[in-house]
Each structure stands twice: as C-alpha cells, then as structure tokens.
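I opened this entry to record what I looked up, item by item.

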Amino acid sequence: MPDRPTPMDARRFAALADSHGSRLQHWPEAERAAAMAFASSAEGQAILQAAAQLDAMLDRYAVPSPTADLHARVVAAGTASLAPRRRTRRWWLGLGLAGAGLAGALAGTLAIALLDAPTRTEHLGLGATVTAFGDAGPDTEISEEGS
C-alpha cells in the first residue's frame, strides 16, 4: 500500500512558501505531493501568488558594484592590519630558529662530553691500554704473522 501524503494545512503551506518560494519544484521532496494538493485550493493559490511576488522582487534585486574609493579603503585597511602581524610572525620565527640553534648546540655539546669522556677501567684492575684483543701496552711486542 503506497504512502498517502498527509494533508497540509495553510500554516505549513505558508511557511514552506516563505522559505522555498513559489516554485513547488524547489520545495522538499517529502512535502511536494501534499503541497501540490493544497496548491489547487483558493487559499493555496493566494499564498503562492504572494510568494511569487516576493520571488519577482528578489530576482530583480542586484547588489551594486563597489566604488573605487571603497575598494581602496578596504585594501588600505587590510594592508594596515597585516603589517603588525607580519612583524610579530617574523619575531617569533627568529626566536624559534634561535631556540632551535641553541638546543642543537647544547645537544652537540652534551654528546661530545659524554662520548669523549675517558673510559674508566681502573676499577676493573685493567690499564687504559687493554682492548678486546688483549693488552696493547708498550711492553707487548707487535709482530706480523707468517714472517
């Protein structure tokens, strides 16, 4: 059984005509069938006629082009408000770059200090000349194998 449109009253029809105009094809799909049924009544015709007059007035309305003076004032006001922002942005950018450079310098200094620290092997009872391959001290003899 197909859905039958619920009957529309004059108040709802007038509200839709005020918001969507006199052309029923511009109205919401769900409201169209009931609106077409109500539009055939005398009250519906009167509401659509008033909406059509408003549509015609709105269609004739045109916004005048801005004058050259207005254009110049808008551009001048926009340029004046951008100058302090640009200065502030440059200042913060410079501060950020200086901070990044300082952080990099501190990180590099810390890395050098930690990586270049002399190894402490005295607590193990080993000298500073001990390697993973043995003692490379001055008393060991360096020789080539096979000679």
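I read the order of elements from the N terminus as α-α-α-α-β-β. That gives four helices and two strands for the chain. I note here that the model is predicted. I then looked up burial: 14% of the 147 residues count as buried.

Helix packing came next. I took helix α1, residues 10-20, against α3, and found that their axes come within 10 Å and cross at roughly 20°. Angles under 35 degrees count as roughly parallel, and α1 and α3 are therefore roughly parallel to each other. I logged the handedness too: α1 passes α3 in a right-handed crossing.

I moved on to charged pairs. Side chains of opposite charge can pair when their charged atoms come close. How many salt bridges does the structure hold? I found four, and I followed up some of them.

The E31 and R12 pair has its closest N and O atoms 2.7 Å apart. I checked the exposure of R12 and got 37% relative accessibility, which counts as partly exposed.

For D59 and R23, I noted a salt bridge with the closest N and O atoms at 3.5 Å. D59 lies in helix α3 and R23 in the loop between α1 and α2, so the pair ties together parts that are 36 residues apart in sequence. Are the two partners buried or exposed? I have D59 as exposed, at 57% relative accessibility. R23 is partly exposed, with a relative accessible area of 36%.

I also looked at D69 and R73, which form a salt bridge with the closest N and O atoms 3.7 Å apart. Both sit in helix α4, residues 68-115, and because they are four residues apart there, about one helical turn separates them. D69 comes out as partly exposed, at 48% relative accessibility.

Last, I searched the surface for nonpolar patches. Which residues make the patch of about 300 Å²? I wrote down L54, M57 and L58. I traced L58 to helix α3, residues 42-60. With 54% relative accessibility, L58 counts as exposed, since the cut-off for exposed is over 50%.

Methods
Residues are numbered from 1 along each chain as its sequence is written. This is a predicted model: local features need pLDDT of at least 70, side-chain atom pairs count only at pLDDT 80 or more; totals for chains, interfaces and linings use all residues. Side-chain values use heavy atoms; hydrogens and water are left out. Patches are made of residues with over 30% relative accessible area and no salt bridge: like charges are joined within 9 Å, nonpolar side chains (Val, Leu, Ile, Met, Phe, Trp, Tyr) within 5 Å. Accessible areas come from the Shrake-Rupley method with a 1.4 Å probe; for residues, only the protein chains shown count as cover. A salt bridge is a side-chain nitrogen of Lys or Arg within 4 Å of a carboxyl oxygen of Asp or Glu. Buried means under 20% relative accessible area, exposed over 50%, partly exposed in between (1.4 Å probe, protein chains only). Axes are lines fitted to C-alpha atoms, for helices over the stretch in contact, and angles run from 0 to 180 degrees between N-to-C directions. Angles under 35 degrees count as roughly parallel, over 145 as roughly antiparallel, 65 to 115 as roughly perpendicular and the rest as oblique. A crossing is left-handed if the near helix is turned anticlockwise from the far one by less than a right angle, and right-handed if clockwise.
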